[in-house]
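Please keep the structure open while reading.

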Amino acid sequence: MVFEVGEIVKLKKPHPCGSHEWEILRVGADFRLRCLGCEHQVMVARKLVEKNCRGVRKKTGV
């Protein structure tokens, strides 16, 4: 699966704030993701993102 910076990924489990959607800020062996609900940022292993991803879309707007 190919991921790019700026894409929005929908993950299987929600963040405690209730949002399922995350923006990709960094791609590599680890991903830096920002929650679209509360702006919290986390580093997650690529393997976990690929396993839990339920959809990818391009970021709308600039």
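Contact here means heavy atoms within 4.5 Å. The model is predicted.

## Gln 41 and its surroundings

Gln 41 lies in strand β4. Leaving aside neighbours within four places in sequence, Gln 41 is in contact with Leu 25, Arg 32, Leu 33 and Arg 34. Trp 22 is 19 residues from Gln 41 in sequence, and the two C-alpha atoms are 9.1 Å apart in space.

Leu 25 sits in strand β2. Its relative accessibility is 27%, and Leu 25 counts as partly exposed. Beyond four places in sequence, Leu 25 touches Val 5, Arg 32, Arg 34 and Gln 41. Leu 25 and Met 43 are separated by 18 residues in sequence and by 9.7 Å in space, C-alpha to C-alpha.

## The sheet

What is the strand order of the open sheet? The order is β4-β3-β2-β1-β5, five strands with antiparallel pairing. The edge strands are β4 (41-45) and β5 (53-57), and each pairs on one side only. From one strand to the next, the twist averages 35 degrees. Strands of a sheet pair through backbone hydrogen bonds, either parallel or antiparallel.

The pairings can be taken one by one. β3 and β4 are antiparallel and pair over five bridges. In this pairing, Arg 34 stands opposite Gln 41 in β4. β2 and β3 also run antiparallel, joined by four bridges. Here Ile 24 faces Leu 33 in β3, standing opposite to it. A hairpin of three residues joins β2 to β3. β1 and β2 run antiparallel with three bridges. Ile 8 stands opposite Glu 23 in β2.

## Arg 34 and two glutamates

Arg 34 belongs to strand β3 (residues 30-35). Which side chains make a polar contact with the side chain of Arg 34? One is that of Glu 23, at 2.4 Å. Another is that of Glu 39, at 3.4 Å. Not counting residues up to four places away in sequence, Arg 34 touches Glu 21, Trp 22, Glu 23, Leu 25, Glu 39, His 40, Gln 41 and Lys 59.

Glu 39 is found in the loop between β3 and β4. Phi of Glu 39 is near 70 degrees, a positive value in a residue other than glycine. Glu 39 is partly exposed, with a relative accessible area of 46%.

In soluble globular proteins, nonpolar side chains tend to be buried together. The largest nonpolar core has 11 residues in all: Phe 3, Val 9, Leu 11, Trp 22, Ile 24, Phe 31, Leu 33, Cys 35, Val 44, Val 49 and Cys 53. β1 (8-11), β2 (21-26) and β3 each supply at least two residues of this core. Which strand gives the most? That is β3, with three residues.

Val 9 is one of the core residues. Setting aside residues up to four places away in sequence, Val 9 touches Phe 3, His 20, Glu 21, Trp 22, Ile 24, Cys 53, Gly 55 and Val 56. Among these contacts, Phe 3, Trp 22, Ile 24 and Cys 53 are also core members.

## The cysteines

How many disulfides does the model have? The count comes to zero. Cys 17 is in no disulfide: the nearest cysteine sulfur, that of Cys 35, is 3.5 Å away. Cys 17 is partly exposed, with a relative accessible area of 40%.

Cys 53 is buried, with a relative accessible area of 10%. Both Cys 35 and Cys 53 belong to the largest nonpolar core.

How values were computed. Residues are numbered from 1 along each chain as its sequence is written. This is a predicted model: local features need pLDDT of at least 70, side-chain atom pairs count only at pLDDT 80 or more; totals for chains, interfaces and linings use all residues. Side-chain values use heavy atoms; hydrogens and water are left out. A disulfide is a pair of cysteine sulfur atoms within 2.5 Å. Buried means under 20% relative accessible area, exposed over 50%, partly exposed in between (1.4 Å probe, protein chains only). A polar contact is a pair of N or O atoms within 3.5 Å; within protein, one must be able to donate a hydrogen and the other to accept it, and residues adjacent in sequence count only if both atoms are side-chain atoms. A nonpolar core is a set of buried Ala, Val, Leu, Ile, Met, Phe, Trp, Tyr and Cys residues joined through side-chain atoms within 4.5 Å. Two strands pair if DSSP finds at least two bridges between them. Axes are lines fitted to C-alpha atoms, for helices over the stretch in contact, and angles run from 0 to 180 degrees between N-to-C directions.
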